[in-house]
Amino acid sequence: MILGSLAENLLTVLAFDAERAPIVRAVVGSALFGGPHRLLAARIYGYLDTFKKPPGEHLPDLLSDKLEGKAAEAGYYAEIIESLHASREHINPEYVMASLETFVKRQSMRSIAVDLQKALQRDTEEGLEEAERLIAGANHVSLSVFDPGTRLSDKKRALEFLDI
């Protein structure tokens, strides 16, 4: 499932990438994640807000209550954590950051679709007006992640042109 993969890639960046985690934190609300990913994102955001760095190896500590809970739920959360740990070395963070806009748009559209369905099910004039408003607002869902460019303090990136 592409969405789950993208959500897990974003969580991997949030959990382990000190440079990019604050950017994802600022752009993607935890409500855009679904199911257990939402809870994990919220807890990672809390850690980032408190300690100003990703949780890294402390990721299981954030979910200790879930890991010690019901067997099925604990297994699911353990599987997510293992997946994040396994993918952190192989993830392409530049691709994940480039996919941020797609993720936010898709998740926002899903939320709008649910609200649209509820508005249309009311079968009233107000419901129809709300549906039209939601459709009109759907065209304005956009995101722009600002890339500040290369800093001179980032010697590797600043001198990258010499490798060409």
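Y76 is partly exposed, because its relative accessible area is 39%, in a scheme where buried means under 20%, exposed over 50% and partly exposed in between, computed with a 1.4 Å probe and protein chains only. The model is predicted: local features need pLDDT of at least 70, side-chain atom pairs count only at pLDDT 80 or more, and totals for chains, interfaces and linings use all residues. Residues are numbered from 1 along each chain as its sequence is written, and side-chain values use heavy atoms, with hydrogens and water left out.

**Overall**

The chain has 10 helices and 0 strands; both kinds of element are DSSP runs numbered from the N terminus, helices being H or I of at least four residues and strands E of at least two. Of the 164 residues, 33% count as buried. The accessible surface comes to about 10,500 Å², with 54% of it belonging to carbon and sulfur atoms; such areas come from the Shrake-Rupley method with a 1.4 Å probe, and for residues only the protein chains shown count as cover. Contact means heavy atoms within 4.5 Å. Among contacts between residues at least 6 apart in sequence, 60% join residues at least 24 apart.

**Core**

A nonpolar core is a set of buried Ala, Val, Leu, Ile, Met, Phe, Trp, Tyr and Cys residues joined through side-chain atoms within 4.5 Å. The largest one has 31 residues, and L14, V24, V28, F33 and I44 have the most contacts inside it. Two or more residues each come from α1, α2, α3, α4 (59–62), α6 (71–87), α7 (93–98) and α8. Helix α1 gives the largest share, 7 residues. Leaving aside residues up to four places away in sequence, V24 touches L10, V13, L14, Y45, M97 and L100. T12 lies in helix α1 (residues 2–16); with the same exclusion of residues up to four places away, T12 touches D17, L84, S87, R88 and I91.

**Helix α3**

Helix α3 covers residues 35–51, and its 17 residues reach 25 Å from first C-alpha to last, close to the 24 Å expected at 1.5 Å a residue; the expected span is 1.5 Å times one less than the number of residues. Its buried residues are P36, H37, L40, A41, I44, Y45, Y47 and L48. An α-helix has 3.6 residues a turn, so residues three or four places apart point the same way. A42 is also found in α3, and its C-alpha atom is separated by 5.5 Å from that of S30, 12 residues apart along the chain. Just after the helix, K52 takes a positive phi of about 60°.

**Aromatic pairs**

There are 3 aromatic pairs in the structure. Rings of Phe, Tyr and Trp (its six-membered ring) pair if their centres lie within 6.5 Å; planes under 30 degrees apart count as stacked, over 60 as edge-to-face and the rest as tilted. One of the pairs, F33 and F103, is tilted, at 5.2 Å centre to centre and 45° between the planes. This pair links distant parts of the chain: F33 sits in the loop between α2 (21–27) and α3, and F103, 70 residues apart, in helix α8 (residues 100–121). Another pair, Y76 and Y77, is edge-to-face, with 6.5 Å centre to centre and 75° between the planes.

Relative accessibilities of residues named above:

| Residue | Relative accessibility | Class |
|---|---|---|
| F33 | 0% | buried |
| F103 | 0% | buried |
| T12 | 2% | buried |
| Y77 | 7% | buried |
| A42 | 37% | partly exposed |
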